[in-house]
Every structure is written in structure tokens, then in C-alpha cells.
Amino acid sequence: MKLAILSRNRRLYSTRRLAEAAVHRGHEVHIIDPLRCTIDIASQRPGIQFKKQALTGFDAVVPRIGASITFYGLAVVRQFEMMGVYPLNESVAIGRSRDKLRSLQLLARSGVGLPLTGFAHSVDDTEALVEMVGGAPLVVKLLEGTQGRGVVLAETQKAAESVIDAFRELDANFLVQEFIREAAGADMRCFVIGDKVVASMKRQAKEGEFRSNLHRGGAATLTKLTPEERSTALRAAKTMGLNVAGVDILRSNHGPVVMEVNSSPGLEGIETATRKDVANTLVQFIEKNAKPNHTRTRGKG
């Protein structure tokens with residue numbers, strides 16, 4: 001097959017591993033910076049150029065789109081879909097997962113376990129918002145934040161109100177969530193491919209930190225999921241419509257709760273912690289599923 005990997009940096013671990021795995025299995029791989037693509041919006045014949053060269057003949061596209069380029073990156077994925085190229089994750093599904101508020105609304109409607117979460121606009125509703133999630137301590141999250149940035153733990157009522165007021169002064173959109181104290185700074189990253197959790201790891205925050213992100217100094221170790229946690233991860237990915245997802249789960253007193261569903265989960269942490277060849281499993285999934293025009297929306301939705 002002829003595969004396109006959309007990535008801004010070919011030296012990134014995840015990009016490099018996916019390319020190596022695909023080449024090892026006999027495929028032709030092109031690593032393409034989505035921001036260097038020019039979209040040809042022509043009637044009846046959608047096309048894409050990369051460095052003035054037309055991109056044609058691709059069987060599948062693997063989006064590795066960072067949050068900072070979501071808008072243009074999704075436009076490129078949609079164009080590939082309109083050209084009949086199979087996307088590992090569809091543009092509509094990636095868009096859902098990148099909208100934190102929308103993704104939580106969808107997960108809640110599907111009955112997936114979530115932390116108590118509140119969202120409000122008016123400054124007059126701050127007290128009600130805090131009460132909605134059970135009071136302090138609570139977590140305030142910017143909707144545009146990634147890798148733990150824009151996430152603040154407010155340990156008292158006064159601190160919570162101060163953080164919320166500060167975010168409102170910045171005209172920022174944010175969520176308020178209950179603080180799952182019993183998780184003790186740890187979460188489970190579940191790597192979903194198709195209808196299976198193919199690997200999982202426990203991420204533990206460093207001392208004095210409640211965010212377990214590896215970019216924040218968290219440590220990753222192999223972990224065994226419970227059947228309920230495995231089921232929760234699969235339901236969350238399916239609700240988003242993602243073929244591949246990193247589902248982050250906290251162990252709470254009221255069962256597993258989903259914190260986030262990531263549409264471009266990194267491979268370095270999960271492969272290092274589990275010693276599993278996740279990249280190879282991803283390529284095998286593409287081999288089994290890549291068919292012309294095999295998307296739900298073909299970029300139209």
C-alpha cells in the first residue's frame with residue numbers, strides 16, 4: 001500500500017515508529033507536513049499538493065495532527081477523504097475529540113463514566129458552578145489546553161473562585177470538574193485500536209504534582225485493567241467514532257471515569273512501558289481496513 005503520515009516532524013518517535021513498521025511490512029510511506037499542503041478545491045476533482053507536487057494514489061492516510069494545527073490539519077484530512085483515501089481516524093471523529101466540551105457531552109449521553117463536570121458563562125453563576133461539582137477541592141481546565149497545560153487544582157472555595165474569575169477575565173472557556181482525590185495523581189492510558197485495548201499503562205504524577213502527563217514528569221508503568229475499565233475505554237473510543245484512541249481513565253470511588261479521549265496518542269510512553277509493538281499493530285489494522293471510499297462521511301460531514 002501507499003501510506004501518507006501527516007506529521008510536522010519526521011523525527012518524532014511516533015512518526016518514526018509508524019513509518020518503520022509500515023516499511024518493514026512492505027508498504028510505501030510518505031511523511032507529509034500538513035501545513036505545507038495546498039488544498040485544491042475544484043469542482044468534481046478534489047486534490048492536494050505538497051511542495052507543488054500532486055498527492056495521488058494513496059491507499060490510506062494516518063493523521064498525526066497536533067492540537068495547535070487542528071483547523072488546517074482537519075481540512076487536509078477531509079480533502080484526502082473526499083479523494084477516497086482511507087483515514088486511520090476520520091476528520092469528524094478527530095474534531096469531536098478535540099472539542100473537550102462536546103466530547104464530554106457525547107460521553108455523558110452514552111452513559112460513559114465521567115467526573116462531575118460543570119460549565120457556565122456568567123460571572124453570577126460561579127458559586128452554583130462550584131457547588132455543581134461538589135465544592136473544593138476541584139479542577140479548572142481550559143478547553144484549549146493540552147498535555148496538562150491550563151489545568152489548575154483549586155484546593156479551597158476561595159481559590160476556586162479566584163481561578164475561575166481569572167480565567168473569565170481572560171475571556172477563556174473552561175470546565176470545572178470534581179477532584180478525584182482517591183486517584184492519588186495516577187491515571188490509566190488505554191490504547192485502543194479498533195475494538196480492542198491493545199496496551200495499557202499507569203501514569204503516576206511526580207511528587208507534589210496532580211497531573212500525570214508524561215510531559216509533566218509523570219512516570220509510566222505497565223498495568224492490568226479491570227474488565228470495567230477496558231469496557232469503558234472501548235465505549236469512549238466508539239462514542240467519539242475513533243478507530244485509534246488513547247483513553248485516559250481515573251480510578252474513582254464510583255468506578256472508572258474518563259478524563260480525555262486522545263485522537264493522536266503517542267507511542268513512546270506506551271511502547272516503552274508495555275514493550276509491545278503498538279506501531280506494528282496499527283499498520284496491521286490499516287492493512288485489514290483500508291478500502292477506497294471506506295469512511296462514514298467521505299469528508300462531507
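Helices (H or I, at least four residues) and strands (E, at least two) are DSSP runs, numbered from the N terminus.

## Basis of the description

This is a predicted model, in which local features need pLDDT of at least 70 and side-chain atom pairs count only at pLDDT 80 or more, while totals for chains, interfaces and linings use all residues. Residues are numbered from 1 along each chain as its sequence is written, and side-chain values use heavy atoms, with hydrogens and water left out.

## The annotated residues in strand 16

UniProt, in an unreviewed entry, places the feature "binding site" at Glu260 and Asn262; UniProt positions are given in the numbering used here, feature names are shortened, and annotations may be inferred rather than shown by experiment. Glu260 belongs to strand 16 (residues 255-262), and Asn262 is found in strand 16 as well.

With a relative accessible area of 33%, Glu260 is partly exposed, and Asn262 counts as partly exposed at 21% (buried means under 20% relative accessible area, exposed over 50%, partly exposed in between, with a 1.4 Å probe and protein chains only). Leaving aside neighbours within four places in sequence, Glu260 is in contact (heavy atoms within 4.5 Å) with Lys100, Gly246, Val247 and Asp248. Asn262, with residues up to four places away again not counted, touches Arg189, Leu242, Val244, Ala245 and Gly246.

## Salt bridges

Side chains of opposite charge can pair when their charged atoms come close. Where a salt bridge is a side-chain nitrogen of Lys or Arg within 4 Å of a carboxyl oxygen of Asp or Glu, the count comes to eleven salt bridges. Asp248, one of the residues in contact with Glu260, forms a salt bridge with Arg203, the closest N and O atoms being 3.1 Å apart. Asp248 lies in strand 15 (residues 244-252) and Arg203 in strand 13 (residues 196-204), so the pair ties together parts that are 45 residues apart in sequence; both Asp248 and Arg203 are buried.

In helix 1 (residues 13-24), Arg16 and Glu20 lie four residues apart, about one turn of the helix, and they form a salt bridge with the closest N and O atoms 3.8 Å apart. Glu20 also meets Arg17 in a salt bridge (3.7 Å, N to O), and this pair, both in helix 1, is three residues apart. Arg16 is partly exposed at 36% relative accessibility and Glu20 is partly exposed at 40%, whereas Arg17 is buried at 15%. Arg16, Arg17, Glu20, Glu271 and Asp277 are linked in a network of salt bridges.
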